[in-house]
Amino acid sequence: MEPLYGPIRDYAWGSRSAIALLQGRSVPSAGPEAELWLGAHPGAPAHVDRAGLRVSLCDLVRDEPGQWLGQRVSERFGSRLPFLLKVLAADAPLSLQAHPDAEQAQAGYAAEAGRPEGQRNYSDPHHKPELLVALTPFEALCGFRDPAESAEALAAFGVPALAPVVAALRAGPAGLRTAVRTLLGWPVADRHRLLAAAVASPTDGPDAELTRRLAKAYPGDPGALVALLLHHVRLVAGEGIWMPAGNLHAYLSGCGVEIMAASDNVLRGGLTPKRVDVDELLRVLRFEVLDDPVRAPQPVGPGVDWWPVPVDDFALHRVRVDAAVPSVTLPLPGPRVVLCAGGSITVDDGAGALTLASGEAAIGTSSGAALRIDGAGVAFVATSGLR
């Protein structure tokens with residue numbers, strides 16, 4: 001194993017304490033720290049040491065896929081690490097968004113060839129399913145809930161202009177597309193008036209409180225009303241949310257470990273100053289109720305659990321070592337990225353042992369032996385989902 005140095009993205013919604021505290025630095029940080037990236041995505045690759053220099057993991061994987069990925073992973077995914085591990089820390093809501101499936105991503109990327117970067121929805125031909133596991137209490141919107149609940153929440157505002165949306169939702173899941181299109185297609189000149197009427201309503205309750213909170217953060221953004229069509233979940237540490245392709249979602253607050261297919265394809269629908277393409281978003285959305293987006297960890301052995309997902313791009317395990325379970329051996333194939341999320345651990349893949357403090361990471365190539373983790377701490381281990 002060898003140290004892996006990941007860049008921190010400074011998006012405006014980021015926390016000035018969560019990642020710094022994880023890494024044992026003073027708080028507040030100098031600016032917002034939104035995401036720590038631990039992978040080989042070309043947008044912000046992590047680095048390893050080579051002859052006294054920091055070398056991009058993206059370049060190493062591309063130039064030496066056999067060593068880093070192994071035959072099975074490179075045959076399946078080409079000369080790229082198929083997953084990206086992150087620490088995500090949100091102090092403000094992220095955009096309402098969804099991700100395409102593999103077929104949609106390939107077609108969209110090809111169709112947009114030649115467009116200027118600022119006019120593209122697709123930056124690569126890959127899908128982007130993602131799993132987030134909470135490190136702290138975490139709040140999110142994810143997947144459509146029962147439309148009848150959403151209809152009652154919107155009707156409670158008593159705003160006549162929302163009547164067509166309420167009627168569509170009362171028709172059941174078949175009305176979800178109409179409801180979303182109507183809200184996101186509201187004329188820009190009328191959006192502030194519509195939201196102001198909803199916010200001024202005397203209605204109480206969690207739904208009304210959520211709309212007021214989002215409308216304050218994003219004035220005139222209809223995403224504050226679209227939010228009421230989604231599950232509003234609050235995770236405790238260790239709980240996860242799985243977001244497959246086509247599910248509308250937004251992370252609102254908290255810190256978590258996120259793993260995803262290595263793509264940057266995002267279709268936004270609101271709660272953002274960035275580009276929104278409503279037609280393309282509607283094309284990729286799955287207008288179906290998501291019964292339960294929350295996933296509890298499943299134990300797979302002493303000190304080890306995971307959150308199984310139906311993709312082969314990635315898998316995520318959590319290892320907890322302490323006096324009761326001082327050592328764990330994982331027969332997971334490489335490549336492997338290990339993040340220490342608390343305490344101190346030693347990781348050894350047979351090619352070399354490395355001690356990690358909280359917030360530090362390591363990577364091992366495909367040629368390593370079974371991964372052994374010792375010490376007293378918590379580790380998240382990211383691998384491909386191929387077995």
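Me: Why is Glu-239 called partly exposed rather than buried or exposed?
Reply: The relative accessible area of Glu-239 is 24%, and a residue is buried under 20%, exposed over 50% and partly exposed in between, as found with a 1.4 Å probe on protein chains only, so Glu-239 is partly exposed. This is a predicted model, in which local features need pLDDT of at least 70 and side-chain atom pairs count only at pLDDT 80 or more, while totals for chains, interfaces and linings use all residues. Residues are numbered from 1 along each chain as its sequence is written, and side-chain values use heavy atoms, with hydrogens and water left out.

Me: What makes the surroundings of Glu-239, and where in the chain is this residue found?
Reply: Glu-239 belongs to the loop between β10 (230-235) and β11 (240-243), where strands (E, at least two residues) and helices (H or I, at least four) are DSSP runs numbered from the N terminus. Leaving aside neighbours within four places in sequence, its contacts, meaning heavy atoms within 4.5 Å, are with Leu-132, Val-133, Ala-134, Arg-234, Val-294, Arg-295 and Trp-307.

Me: Why is the pair of Trp-307 and Phe-380 placed in its class, and what about Tyr-11 and Trp-13?
Reply: Rings of Phe, Tyr and Trp (its six-membered ring) pair if their centres lie within 6.5 Å, and planes under 30 degrees apart count as stacked, over 60 as edge-to-face and the rest as tilted. The whole structure holds five aromatic pairs. For Tyr-11 and Trp-13 the ring centres are 5.7 Å apart and the planes stand at 35°, so this pair is tilted. For Trp-307 and Phe-380 the centres are 6.2 Å apart and the planes stand at 20°, so that pair is stacked.

Me: How do you know that Trp-307 and Phe-380 tie together separate parts of the sequence?
Reply: Trp-307 lies in the loop between β16 (304-306) and β17 (315-321), whereas Phe-380 lies in strand β22 (residues 371-383), so the pair ties together parts that are 73 residues apart in sequence. Trp-307 counts as buried at 1% relative accessibility, and Phe-380 counts as buried at 2%.

Me: Why is Asp-374 called buried, and which polar contacts does its side chain make?
Reply: Asp-374, which is found in strand β22, has a relative accessibility of 19% and so counts as buried. A polar contact is a pair of N or O atoms within 3.5 Å; within protein, one must be able to donate a hydrogen and the other to accept it, and residues adjacent in sequence count only if both atoms are side-chain atoms. The side chain of Asp-374 makes such a contact with the side chain of Ser-327 at 2.7 Å, and another joins it to the side chain of Arg-372 at 3.0 Å. Not counting residues up to four places away in sequence, Asp-374 touches Val-321, Pro-326, Ser-327, Ser-344, Ile-345 and Thr-346.

Me: How do you know that the buried residues of α5 line one face of the helix?
Reply: In α5 (residues 147-155) the buried residues are Pro-147, Ser-150, Ala-151, Ala-153 and Leu-154. Seen down the axis, they fall within an arc of 165°, so they line one face of the helix; the arc is that of the directions from the helix axis to the C-beta atoms. What covers these residues includes α6 (163-170), α7 (176-184), α9 (206-217) and α10 (223-226). At the start of α5, a side-chain oxygen of Asp-146 reaches to within 2.9 Å of the backbone nitrogen of Ala-148.

Me: What puts the buried residues of α7 on the same side?
Reply: The buried residues of α7 are Leu-176, Ala-179, Val-180, Leu-183 and Leu-184. They cover an arc of only 115° around the axis, which puts them on the same side of α7.

Me: Why is His-249 called buried, and what does its side chain reach?
Reply: His-249, in strand β12 (residues 249-261), has a relative accessible area of 1% and is therefore buried. Its side chain reaches the backbone oxygen of Asn-247 at 2.9 Å.
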